[in-house]
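Try each task before you read its solution.

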Amino acid sequence: MDTFFLSHGSPTLSIDETIPARHFFKSWLPAAVAGSEPPRAILMVSGHWETATPAVNVIRGSNDTIYDFYGFPKSMYKLKYPAPGAPDLAMRTKELLEQGGFGPVKEDRSRGLDHGAWVPLMLMYPDADIPVCQLSVQTDRDGTYHYNLGKALAPLRNEGVLILGSGSATHNLRKIGPTHSPVAEWASEFDNWLKDALLGGRYDDVNRFQEKAPYGKMAHPQADHFYPLHVALGAAGDESKAEQIHQSWSNATLSYSSYRFTAKN
């Protein structure tokens, strides 16, 4: 099964029909982007869950919906995405990571789905009937660490698990502009570099983006929203093929560039 990196952008993606990426996410099932057969479960790596060491949410029953955003329209706080938890996948993920030297892996038995998970998923899988497990990122580590962490998860691809990294191709909240502002030059340059590097197979450059990319530190002052890409990329393997499956912008600097990673046969 292919792995994916999704740029989820603003939380208003959940309600704002004028955001172009919303239509991409809503087309996910009709266009069979991840294949004609639904996954057995989803492993979601969200930039909104940061821990010192890896953690998985081990939920029996339905996942709670976490409203980890502030000052948005009241209607957004009424949205629910009660997808079933995936405790078996959580424990399998823990097993693979600890076997790969990424332990200890914490089991969080109360955390639900943050908006980096449920906002895109409510558009992609609106019936909320596919079990979901979340995996955290380690912001004090680097891209290579998260790429190798993803490699440890590669067996899940053959176990019916859809591995999704949810973050943002560019994420500098201090530089966000009005909704329909022109795209900032630095953001465009970084976004184009990322596309060229991924499609050209320069994965080591992507892992070392802060030194290799133009405006790397401007695009990601903190890399929490970029590391989900490294996990998804690593899970597809060193010789995987990258494909850009969506590209759009909002707020001058928020790229919604999203990618598919296909493992070499």
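**Exercise 1: Isoleucine 15**

Isoleucine 15 has a relative accessibility of 34%, so it counts as partly exposed. (Buried means under 20% relative accessible area, exposed over 50%, and partly exposed in between, with a 1.4 Å probe and protein chains only.) This is a predicted model, where local features need pLDDT of at least 70, side-chain atom pairs count only at pLDDT 80 or more, and totals for chains, interfaces and linings use all residues. Residues are numbered from 1 along each chain as its sequence is written, and side-chain values use heavy atoms, with hydrogens and water left out.

Task: find where isoleucine 15 is and what it is in contact with.

Solution: 
- Step 1. Look in the loop between strand 1 (3-7) and helix 1 (20-26). (Helices, H or I with at least four residues, and strands, E with at least two, are DSSP runs numbered from the N terminus.)
- Step 2. Set aside neighbours within four places in sequence; isoleucine 15 is then in contact with Arg22, Pro73, Ser75, Met76 and Leu79. (Contact means heavy atoms within 4.5 Å.)

**Exercise 2: Aromatic pairs**

Task: classify the pair of phenylalanine 24 and phenylalanine 25.

Solution: 
- Step 1. Recall the rule: rings of Phe, Tyr and Trp (its six-membered ring) pair if their centres lie within 6.5 Å; planes under 30 degrees apart count as stacked, over 60 as edge-to-face and the rest as tilted.
- Step 2. For phenylalanine 24 and phenylalanine 25, the centres are 5.0 Å apart and the planes make 55°, a tilted pair.
- Step 3. Check accessibility: both phenylalanine 24 and phenylalanine 25 are buried.
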